[in-house]
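Look at the chain from one end to the other.

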Amino acid sequence: MRQVLLMLHLVLIAMGTGMSFSNLVNVRLSRKEQGDRFKALGLQRLTIARIGDGVIALIWLTGIALFLATDTRSLIANGWF
């Protein structure tokens, strides 16, 4: 179970990072555009932002689940915290 949570957590972190960079590129592209293309890029940013909020929530949830699934005594003994 812990390995599946860890994989999901890392995939979600990669997904969130990719979406953030995608929005940065989108902002740079929209500076040069006007009219309908500008509106379309704005709608794309809003959609990615909404999905990104869900991804961030899932990152937090999987992180908390990983913490609860791990024996905290071994983490403290190994110097992780």
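The buried residues of α1 pack against α2; contact here means heavy atoms within 4.5 Å. This is a predicted model, where local features need pLDDT of at least 70, side-chain atom pairs count only at pLDDT 80 or more, and totals for chains, interfaces and linings use all residues. Residues are numbered from 1 along each chain as its sequence is written, and side-chain values use heavy atoms, with hydrogens and water left out.

Which residues of α1 are buried? They are Leu5, His9, Leu12, Gly16, Met19, Asn23, Asn26 and Ser30. Buried means under 20% relative accessible area, exposed means over 50%, and partly exposed lies in between (1.4 Å probe, protein chains only). An α-helix has 3.6 residues a turn, so residues three or four places apart point the same way.

Helix α1 covers residues 2-30. Helices are DSSP runs (H or I, at least four residues), numbered from the N terminus. The expected span is 1.5 Å times one less than the number of residues. For the 29 residues of α1 that gives 42 Å, and the end C-alpha atoms are 42 Å apart, which agrees.

Now turn to α2, residues 36-69. Gly42 sits in this helix. Gly42 counts as buried because its relative accessibility is 17%. Its C-alpha atom is 7.7 Å from that of Ser30, 12 residues apart along the chain.

Phe67 also lies in α2. Phe67 is partly exposed, at 40% relative accessible area.

Arg73 is exposed, at 64%.

Terms used:
Helices (H or I, at least four residues) and strands (E, at least two) are DSSP runs, numbered from the N terminus.
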